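Here are my notes for you to read alongside the model. Keep the viewer open and follow the points one by one.

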Amino acid sequence: METRPVRPGLAAEIAALTGQHLMLVLIALAAASAIALPAGIYIARHPRYRAAALAFTNIVQTVPSLALFGFLIPLPLIGGIGQRTAIIVLVMYALLPILRNTMTGILQVDAAVRESALAMGMTGRQLLREVELPLAAPTILAGLRIAAVTTIGTATIAAAIGAGGLGVFIFRGIATVDSALLLAGAAPAALLAITADGVLEWFERKLSR
Amino acid sequence: MVSFRDVSYDAGGGAVLRNFTLDVKTGETVALLGASGAGKTTALKMVNALVMPSSGGVLVEGRNTREWDPIRLRRRTGYVIQETGLFPHYTVAGNIGLVPRLEGWPADRIRARVDEMLELVSLPPGEFRHRLPRQLSGGQRQRVGVARALAADPPLLLLDEPFGALDPLTRAALQREFVTLTRRLGKTALFVTHDLREALRVASRIALLIDGRLEVLASPGEFVDSPNEGARALVESLEWRLAP
């Protein structure tokens, strides 16, 4: 039997997989924001598309993440095994909180404030940039925070389709019934989530001061 | 300055404004008086093209609002509403300097103008310049709202129940200041109110709207003696309240 305490190279592997994990999460969050921010602004202004957009992102959220990874494997172009598929799944999960909070944040802007902005002769773009987005910022950031925390968690499952990240330790730990390995994956992932949560919360508070 | 020509407006749920015709002359303050739902706010919003008439036309400085570039028109029309619509994330100076900034004035000219406007509405600039709207009392907020509307020196002011949410004493003080200010600056103003007393205090002419129709157009002196039923009812309600 292998002895427990000393595992040469484990620290280096933790660092490497944490880095990989962080990459997956950051790319996914950036892509999700690039889609959901403009989409959220759009559905705030066009109520007609609101229900459909929210329903779609909602449905995605209800599909168990492991199954969603599985569904994508056989698909051409967006599917297959590896990081690309994993990122697509993570993006789909991150869409809802960002989309919903962007929309809500903009709709929450006081009607009197919006009306006087228009009456002062602001263009639609100025209204968005100078009034709606700054006032919605704390709410949008709260959505981003939820997306970040859940993406960090969900990304551990990405290892199931060969995308790497801290999930590698977790799956390996499950397969070998080795709780030390499980911890080597779970603890850094939890730490990442707590850090992301704290940092974004700080920004959120700063913005809504 | 402003002409409503046979203006009607129908938002789908019945007419809000019916065949409304009114000429506002340069330098006068016309009160649009009426109960809620009478169409006064709709009429007001037609002047700066926030609402377009269903039929008829509104002329500002002789030009139909449909032909005006709405952005240009709005930047030369001051606008004050009840909840002031001050931007909560801007300081007092940021709010007052908004239209000058949109118009691309240089920073030092905006700063000077902001201070001038604060003086004008009796708020010491040193004390108030850097405050946020939530750090002001209701009366101070309305003063800032008026200062913001005046900042780019528009010839025309639109006011929608601007002092409606204030206590009676602050309200009376602001009404007095408003009259002095518009006279001194030679501004033309349209003033929406449901309060006859306010209309009598601020207006050179009162336009009474009932169910989207112009019922009475008269000077304050004539209005109190008007034989019109709606006008009589308003005047009597006032007398009843003032009775010992």
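1. In which hand of crossing, left-handed or right-handed, does α3(A) pass α4(A)? The crossing is right-handed; a crossing is left-handed if the near helix is turned anticlockwise from the far one by less than a right angle, and right-handed if clockwise.

2. A quick word on the ground rules: this is a predicted model, where local features need pLDDT of at least 70, side-chain atom pairs count only at pLDDT 80 or more, and totals for chains, interfaces and linings use all residues. Residues are numbered from 1 along each chain as its sequence is written, with chains lettered from A and ligands numbered from 1 in the order in which they are written.

3. Back to that helix pair. The axes of α3 (residues 65-72) and α4 (residues 83-107) of chain A come within 10 Å and cross at roughly 135°. That angle makes α3(A) oblique to α4(A) (under 35 degrees is roughly parallel, over 145 roughly antiparallel, 65 to 115 roughly perpendicular, and the rest oblique).

4. Who touches whom? S65(A), L68(A), F69(A) and L72(A) of α3(A) meet T85(A), I88(A), V89(A) and Y93(A) of α4(A) (contact means C-beta atoms, placed from the backbone, within 7 Å).

5. Now look at α7 (residues 167-175) of chain A, where G167(A), V168(A), F169(A) and I170(A) are buried (20 or more other C-beta atoms within 10 Å of their own). These buried residues pack against α1 (10-45) and α8 (179-208) of chain A. After α7(A) comes V177(A), with a positive phi near 45°.

6. Finally, the chains meet: 14 residues from chain B and 13 from chain A make up the contact.

How values were computed
Buried ≥ 20, exposed ≤ 12 C-beta atoms within 10 Å, placed from the backbone. Helix = DSSP H or I, 4+ residues; strand = E, 2+ residues; numbered from the N terminus. Contact = placed C-beta atoms within 7 Å. Axes fitted to C-alpha atoms, helices over the stretch in contact; angles between N-to-C directions.
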